[in-house]
Amino acid sequence: MLDHGIKRTKIKELLLTGEVDREVVAKGWVRTKRESKNVIFITLNDGSTMHNLQVVVEPETIARDILDRIHTGAGLSVRGILIESPGAGQRVELKANDIILYGEADPEEYPLQPKKHSLEFLREKAHLRFRTNTFGAVTRVRHVMIFAIHKFFNDKGFYNIHSPIITGSDAEGAGEMFRVTILDPVKPPLNEKGEVDYSEDFFGKPTNLTVSGQLEAELAALAMSDVYTFGPTFRAENSNTSRHLAEFWMIEPEMAFYDIHDDMDLAEEMLKYLVKYSLDHCREDLDFLAKRLEDEEKNKKQEERSSMGLIEKLEFVLNNDFERITYTQAIDILMNSKPNKQKKFQFVIEKWGADMQSEHERYLVEKHFKKPVIITDYPREIKAFYMKQNADGKTVRAMDVLFPQIGEIIGGSQREEVLEKLRQRIREMHIPEETLWWYLETRKFGTVPHAGFGLGFERLMLFITGMGNIRDVIPFPRAPLNAEF
RNA sequence: UCCCCGAUAGCUCAGCUGGUUAGAGCGACUGACUGUUAAUCAGUAGGUCCCUGGUUCGAGUCCAGGUCGGGGAGCCA
């Protein structure tokens, strides 16, 4: 678009290069306007950076009618000369010669006024919250993390696999699924028994949205060696927490010839890579989010305040090895812990085999080790059918990576590659074997040891940005009773 | 799904043991002033006190049910 006869330059570039005394065009949305007799200041943002461009207008140069209609939220194009700023606070500013007002924003109605808004309020305005500093920063960081994930795997020779979003198998066992159907919900076709006849449905059988791409990733890994998926994942659980979504994005690498230790090494290397990448490429946005978090912490009671700032927390993860312990060791630590002995835990650990609650995970990560912890070799009874069974007959080669505040950020395992052991586990868990025939054939033909894990992308985003609610790190969160926008 | 808390102006909130015209700050608007930085100062407008029912002479306030939101738990990533 050449509305002013000159190509538009993004604000990030205008501020970065700082080449003054040249004619440029900037486009964006008004954050604030300050008006006085001899000069008007318009603060413009176009999403390319946290920072705003200060547009300076001498009232007589621009039609009064236009100036009166510019308010917070309006969309404009400004042609002018980029000059050194005489004022403090910015190096350069744009002295306007011409302004095109694309769209007004009636200040009586526009919800985002130049003041602090609560995240809860902004969640209800998800269509406009991209225009706020906080959500703009989160959006930029989110993009950089998506890119870094692909770069990490690409540099290591992994292949990205698009696993299916609609699936005919409900054997993954990772949670409640969303049904996909074109049948009439009021009058579905029925069979002789009076049940819904899915042979009449689009796929000729019941289908759902995927809860995991892992099983398909395994198929690919058992030919391509190293693969990963990065796609949307759907869980129809009635989860109402700040850490769960009904629709989220998951990264699932799957590697042939990896054992559980290789798997852990990769998980740790990847998390550190992503943290470092964010510090190297999103520093301004992270500094802003750190400041935001700090201000928020000031309103908290002393004992609830976190001991580290956002940047320190990220650097801490980067500079320390994750603690690796077995489930058995974890249970020992917990059973001998003060809160357990004094019955301070809501769920007191009494014996080996108990499932760990988040209070226990939090104790290990935040109190005992004070750093990320990887727990391995869980009792087989509390883990999925596909996990590699240990020789002790009691445990499986699972690993969970636990992070402060968010808890489980990664769940993974070495996979059971021995056909008979896998079959036996499937039967014990009453999973219909025939629905997994294709999965089992990879163990029948050229099976090899392999491993993988799942990283919840929005959980990573929580950690990187320091945001407290998962609904604020994804543009349009889907959660129970919430599918607006 | 369970436990706890909340819903009052556009936003964030105050409103005592029920009492007559429901308040503040911010934002918006108007004016003054100013190379300003979420400017400053003065003024103006703005309310179905979430919904339904109940108790009462009288309900923003008390009770019951519901809806929505937040925190925690479970499920998990």
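Me: What angle and axis distance describe the packing of helix 4 and helix 6?
Reply: In this predicted model, helix 4 (residues 133-155) and helix 6 (residues 260-281) pack at an angle of about 135°, and their axes are 10 Å apart.

Me: Why are helix 4 and helix 6 called oblique to each other?
Reply: Angles over 145 degrees count as roughly antiparallel and those from 65 to 115 as roughly perpendicular. The angle of helix 4 and helix 6 is about 135°, and the two helices are therefore oblique to each other.

Me: What is the handedness of the crossing in which helix 4 passes helix 6, left-handed or right-handed?
Reply: The crossing is right-handed.

Me: Which residues make the contact of helix 4 with helix 6?
Reply: Helix 4 contributes V144, M145, F147, A148, I149, K151, F152, F153 and D155. From helix 6 come L266, E269, M270, Y273, L274, Y277, S278 and H281.

Me: How do the residues of this contact divide into nonpolar, polar and charged?
Reply: The contact of helix 4 with helix 6 has 12 nonpolar, 2 polar and 3 charged residues.

Me: Into which domains is chain A divided?
Reply: The domains are domain 1 (11-115), domain 2 (130-176 + 213-472) and domain 3 (179-210).

Me: How do you know that domain 1 and domain 2 are in contact?
Reply: Contact requires heavy atoms within 4.5 Å, and 10 residues of domain 1 are in contact with 8 residues of domain 2. The C-alpha centres of these two domains lie 44 Å apart.

Me: What area is buried between domain 1 and domain 2, and which residues of domain 1 supply 61% of its share?
Reply: The buried area is about 770 Å², with 46% given by carbon and sulfur atoms. R31, M50 and L112 supply 61% of the area that domain 1 buries against domain 2, more than any other three residues.

Notes. Residues numbered from 1 in each chain as written. Chains lettered and ligands numbered in written order. Predicted model: local features only at pLDDT ≥ 70, side-chain atom pairs only at ≥ 80, totals over all residues. Heavy atoms only, no water. Axes fitted to C-alpha atoms, helices over the stretch in contact; angles between N-to-C directions. Helix = DSSP H or I, 4+ residues; strand = E, 2+ residues; numbered from the N terminus. Parallel < 35°, antiparallel > 145°, perpendicular 65-115°, else oblique. Left-handed = near helix turned anticlockwise from the far one by under 90°. Nonpolar A, V, L, I, M, F, W, Y, C, P; charged D, E, K, R; others polar. Domains from an automatic or database assignment. Buried area = accessible area lost by both parts, 1.4 Å probe.
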